[in-house]
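Me: I'd like a close look at a single part of this model. Keep it brisk, and give the cut-offs as you go.

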Amino acid sequence: MLGSNLAIVVVAVFGVWQLGGDKAVIVGVLTTAFTAISGVTTAYLGIKAVSNTAQNIALGNGAGRPPGGGVGVVVEGVPAQRGPETPVG
C-alpha cells in the first residue's frame with residue numbers, strides 16, 4: 001500500500017512539474033492523485049479488516065462465541081448445535 005501511494009505521489013509531482021503552471025490542469029492532477037490514494041488506502045484497510053474478522057472467527061474469537069470455545073466445548077446455558085437431520089423411513 002505504501003509503495004503504490006508513493007508511486008502515485010511521484011507521478012503527480014512529476015506531472016505538476018511538467019505542466020509549467022497551468023492551474024486548472026494542476027488542480028485536476030492533484031484531485032485525481034488524491035482520489036487514487038484514497039481508493040487504494042480504503043481498499044487496503046477494508047481487506048485488512050475483513051481478513052482480521054475472518055481470522056478471529058476461524059479461531060473461535062468472533063462475536064457471539066464465548067472466548068476459547070470451539071468444537072467439543074460445552075458452555076453452560078448455550079443449546080447444542082444440531083447437524084443435518086436424518087430422513088426417517
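Where is valine 9 found?

Reply: Valine 9 is found in helix 1. This is a predicted model, so local features need pLDDT of at least 70 and side-chain atom pairs count only at pLDDT 80 or more, while totals for chains, interfaces and linings use all residues. Residues are numbered from 1 along each chain as its sequence is written, and side-chain values use heavy atoms, with hydrogens and water left out.

Start with the valine. Its relative accessible area is 37%, so valine 9 is partly exposed (buried is under 20%, exposed over 50%, partly exposed in between, with a 1.4 Å probe and protein chains only). Phenylalanine 34 is 25 residues away in sequence, yet the two C-alpha atoms are 8.7 Å apart in space.

The chain has two helices and zero strands (DSSP runs numbered from the N terminus: H or I of at least four residues for helices, E of at least two for strands). Helix 1 covers residues 2-19 and helix 2 covers residues 23-58; their axes come within 10 Å and cross at roughly 180°. Those axes are lines fitted to C-alpha atoms over the stretch in contact, with angles from 0 to 180 degrees between N-to-C directions. The two helices are therefore roughly antiparallel to each other (over 145 degrees; under 35 is roughly parallel, 65 to 115 roughly perpendicular, the rest oblique).

The contact comes next (heavy atoms within 4.5 Å). Helix 1 brings Ser4, Asn5, Ile8, Val9, Ala12, Val16 and Leu19. Helix 2 answers with Val25, Ile26, Val29, Leu30, Ala33, Ala36, Ile37, Val40 and Thr41. Together these residues divide into 13 nonpolar, three polar and no charged (nonpolar: Ala, Val, Leu, Ile, Met, Phe, Trp, Tyr, Cys and Pro; charged: Asp, Glu, Lys and Arg; polar: the others, Gly among them).

Asparagine 5 is placed in helix 1. It counts as buried because its relative accessibility is 11%. Setting aside residues up to four places away in sequence, asparagine 5 touches Ile37, Val40 and Thr41. Threonine 41 lies in helix 2. At 22% relative accessibility, threonine 41 counts as partly exposed. Leucine 2 is 39 residues from threonine 41 along the chain, and their C-alpha atoms are separated by 8.6 Å.

Serine 38 is also found in helix 2. Its relative accessibility is 28%, so it counts as partly exposed. Serine 38 and asparagine 5 are 33 residues apart along the chain, with 9.0 Å between C-alpha atoms.

Helix 2 can be checked by length. Its 36 residues should span 52 Å at 1.5 Å a residue, and its end C-alpha atoms are 52 Å apart, which agrees (expected span: 1.5 Å times one less than the number of residues). Glycine 60 follows helix 2 with a positive phi, near 85°.

Last, the whole chain. Of its 89 residues, 9% count as buried. It exposes about 7,300 Å², and carbon and sulfur atoms supply 69% of that (Shrake-Rupley method, 1.4 Å probe).
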